[in-house]
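I am opening my notebook on a structure that is new to me.

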Amino acid sequence: QTEEGTQPGAPDVDTMSVALFDCTSAYDTTTAEYSAVVREEAARATRTVYASVFFGENYLACGSSSGSLSVFNLDDVLREQRGSGGGTSSPDPSPRPSLVVPDAHRGAVYSVIAYTVQGSEMLCSAGEDGRSVLWRASDLIAAANAKATRSERTVAVTPAGEFKNPQESKARGALGPVPETTALAVDPTRGTLLSAAGDGVCYGWDLGEGRDAPAMRLRGHNDLLHCVAARVGANQAVTGSEDGTARIHDLRSETCSHVIDVWRAKEGKSGGHGSGAWVGCVALDKAENWAAMGCGGGCITMWSFAAGGWASGVATPPP
């Protein structure tokens, strides 16, 4: 130590940059300074990408836990990965998005899908705030390609429209919270957007009329929904839920035609409620003859629409 009692070479405290946020310091709530600090601290945390979709010829859209919608031009990403100058420079291990829509949602984005309706390519994002927001693919591509004329990649893009899940009516006129949207699907022939919600209901929205109220409600589940798929050729939808079942709904009558316990095998295994056998995902083959359902209980169940019953189950034990 020196005569002053300090460690030799120690930095001056007055010149050190303190990265921690002092919750005890005074702040003025009437200004945006405190909000900016909180947002900055939250942005430094690791973000989770919950959904992504390819659209256009070479674009990728990603929805994250921050509520932002990021768009990547894959040509730019591959160019940065290869490096410039004949491969002499090092590739960027973490390419930046061409476009970031920062406030696409208030809360996490759980689902992003692309679809075509009346010849126009559209994107729809949905998440924790219960809003299903429609975006024109051409608007996102134009904003991403305009990055050369601006220094910031963050830009506001005007949505083409949005739908908001209805609130449940409680006693004495009170309203419950807006249920989150966990998954999306589109039936292009009917012009219907299906949004699987946290209240156990799958809402159907008319993309043509754009009404505030849902055109249909697919009910029957006892817990929140995790997934939904549209069986376009049969006017059906398949939903999967935390309650351990999948349901096949008729979109014309808004009724459930089949209830599938994805964890029940031919040997008579117990499953469904209480066993952790929530249905996390569902996918249909191109001919829409088969449905594959992934289960939290550790299995994949195959359902045959032609036979109207369970076909096989595959155990998926942890590695």
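**Cysteines**

I looked for disulfides, meaning pairs of cysteine sulfur atoms within 2.5 Å, and the structure holds zero. Cys202 is in no disulfide; its nearest cysteine sulfur belongs to Cys227, 10.0 Å away.

I note that this is a predicted model, where local features need pLDDT of at least 70, side-chain atom pairs count only at pLDDT 80 or more, and totals for chains, interfaces and linings use all residues. Residues are numbered from 1 along each chain as its sequence is written, and side-chain values use heavy atoms, with hydrogens and water left out.

Next I checked accessibility (buried is under 20% relative accessible area, exposed over 50%, partly exposed in between, with a 1.4 Å probe and protein chains only). Cys202 has 0% relative accessibility, so it counts as buried. Cys256 has 30%, so it counts as partly exposed.

I took strands as DSSP runs of E, at least two residues long, numbered from the N terminus. Two strands pair if DSSP finds at least two bridges between them.

I started with β6, residues 120-127. Is it largely enclosed, or open? Six of its eight residues are buried, so the rest of the structure largely encloses it.

Then I traced its partners. β5 (residues 109-117) runs antiparallel to β6, and eight bridges join them. The β5-β6 hairpin has two residues between its strands, and Gln118 in the turn has a positive phi of about 55°.

β7 (residues 131-136) also pairs with β6 in the antiparallel sense, over five bridges. Ala126 has Ser132 in β7 as its bridge partner. Three residues sit between the strands of the β6-β7 hairpin, where Gly130 takes a positive phi near 75°.

Terms used. Helices (H or I, at least four residues) and strands (E, at least two) are DSSP runs, numbered from the N terminus.
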